[in-house]
Amino acid sequence: MSAVMITRKVRKWEKLPGKNTFCCDGRVMMARQKGVFYLTLFLIVGTCALFFAFECPYLAVHLSPTIPVFAALLFLFVLAMLLRTSFSDPGVLPRALPEEASFIEMEIEAANGNVPAGQRPPPRIRNVEINNQIVKLKYCYTCKIFRPPRASHCSICDNCVDRFDHHCPWVGNCVGKRNYRYFYLFTLSLSLLTIYIFTFNIVHVVMRSVDNGFLNTLKETPGTVLEVLVCFFTLWSVVGLTGFHTYLISLNQTTNEDIKGSWSGKNRVQNPYSHKNMIKNCCEVLCGPTYPSVLDRRGLMQLSPVSEFSANDTDASPCSSSTDSSNSSKTLPSTKRAILCLHKPRPPPIRNNPTSDDLKASITDTAHTSPAHSQAEESSAAKTPPLATPETDAEASVAKSH
Amino acid sequence: MICHFHNLQELRHSASLANKVFIQRDYSEGTTCKFQTKFPIELESRIERTLFEDTVKTLNNFYAEAEKIGGQSYLEGCLACTTAYLIFLCIETRYEKVLKKIANYIQEQNEKIYAPRGLVITDPIERGMRVIEISIYEDRGSCGSSSGSSSVSGSTAR
């Protein structure tokens, strides 16, 4: 039987592990559940549309034309911050490649020494001293790395995120190092927008009622009632959230650390990341450098699966990941290349002609699936679940309980 | 016995990967990007300690420059905020500029110092800024040492 080789170039985002969805060919990165994000978008756009339709014409004429102008600018800023928070990479740490993972395993085993049979090996923790404080780095069984300080594994997105704050369903993404400032600016500007619309709704109703009467005003501008309701309930939650995050920023803490009580002061543990100066802390978080994404989502990689016809599945074709800086040599023996490229284990898909190799089948299957978006969904859906450990369970409860 | 190669291309064609060493991050000063300058044992026979330390120290300096919080970063941050960060669609951030400098530096180091000694440094950004990966190559022909001794082959169970 002759083997038919299908060499295909894919973008790296299509093969990224984790439960993210990607859009616009890898430019946009979000969590899988986006329903609440659409609700957020609908509420903001809907309320502002009602404001521009009902209140603004009256206020522009009777008070000042700058009112709708400022509202429009604020609305655009809120939208820009929301989309920036939702669509950007929060600071996901890529999983360790097999060589790095086994190097770390070797180091752990060397450090543990000989564990007597029947005894559980000690927990995988590395102690580092940061600014005279001992910080414990935990090992992530899913990503096979020792998490950097302040990083945490989000079980909803199934990624380790650097400076993990929390997973926000309202923005449909994790909030981490790279998008925290956009998230904060979003909550701040949304608070301002809500207060602005609420205030001018009241002003408008009062001014119009003086001329026409209260009930007539409500009949003429029915949108007002809806806006006031939305704004009233949004106000308490969003303003409260902004206040909470302002507090966290002034102390240079993350929501995750606050919930876990990492730096609560018991056992004389202080926050080693704080500059002990509120202004400095604020400046670092809000005006610090803009960190680049370490996930090369739009880089190209080659995938050449062996055809379904060949019975022997050991000769997986060599593939090499080509990046922009391809100066570092990636010449590896073929088995190692196969491991590197096809290292995602998948359960066997149900099909009419069962093949001997799961990976072959799923790759040729994805080659036939037309929308790339569902490819990402499918490939990330058909994954073996991460090892259940006490750590990941704790992360799950923390991530969900904000 | 140190195998000598003249350039990266020669390395690619006539050598096989023997081992990989991972230089870990140094978190003693916080979460800023800094790598340990501890000299790994595996490289003892391959490269001089001072050259290795120079490379890592220069990389650390580059990262410190990129992550420096001072006048320029505040200006960049405030300016970008006023444009709702849309300005980043047009201009490059300071960090990205420094990353390009780092990529050039690593390529230059590979060509001049590391490839002639059968080593290749991988840019840390390709490993999530977690490690500096140094690949050790052995010449397939003359040096004749096996590539099976590495930890690479043991990672098949997933």
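In this predicted model, the span of residues 21-133 of chain B brings its end C-alpha atoms to 6 Å from one another, and its secondary structure amounts to 45% helix and 8% strand. These residues are the ones that an unreviewed UniProt entry annotates as "domain: Golgin subfamily A member 7/ERF4".

From this span one can turn to the contact with chain A, to which chain B contributes 46 residues and chain A contributes 51 residues. The size of an interface is often expressed as the accessible area that is lost when the parts come together; for chain B and chain A the buried area is about 4400 Å², of which 63% lies on carbon and sulfur atoms.

Polar and charged pairings also cross this interface. There are 5 residue pairs in polar contact between chain B and chain A, counted where both residues are at pLDDT 80 or more, and the salt-bridge rule finds 2 salt bridges between the two chains. A salt bridge joins B:Lys20 to A:Glu99, with the closest N and O atoms 3.4 Å apart.

On the side of chain B that touches chain A, at least two residues are supplied by each of the helices α1 (8-14), α3 (71-82) and α4 (94-114), and likewise by each of the strands β1 (15-23) and β2 (119-122). The largest share comes from α3(B), which provides 5 residues of that side. Sorted by class, the side of chain B that touches chain A consists of 23 nonpolar, 13 polar and 10 charged residues.

Terms used: Residues are numbered from 1 along each chain as its sequence is written. Chains are lettered from A and ligands numbered from 1 in the order in which they are written. This is a predicted model: local features need pLDDT of at least 70, side-chain atom pairs count only at pLDDT 80 or more; totals for chains, interfaces and linings use all residues. Side-chain values use heavy atoms; hydrogens and water are left out. UniProt positions are given in the numbering used here, feature names are shortened, and annotations may be inferred rather than shown by experiment. Helices (H or I, at least four residues) and strands (E, at least two) are DSSP runs, numbered from the N terminus. Contact means heavy atoms within 4.5 Å. Buried area is the accessible area (1.4 Å probe) that two parts lose on being put together, summed over both. A salt bridge is a side-chain nitrogen of Lys or Arg within 4 Å of a carboxyl oxygen of Asp or Glu. A polar contact is a pair of N or O atoms within 3.5 Å; within protein, one must be able to donate a hydrogen and the other to accept it, and residues adjacent in sequence count only if both atoms are side-chain atoms. Ala, Val, Leu, Ile, Met, Phe, Trp, Tyr, Cys and Pro count as nonpolar, Asp, Glu, Lys and Arg as charged, and the others, Gly among them, as polar.
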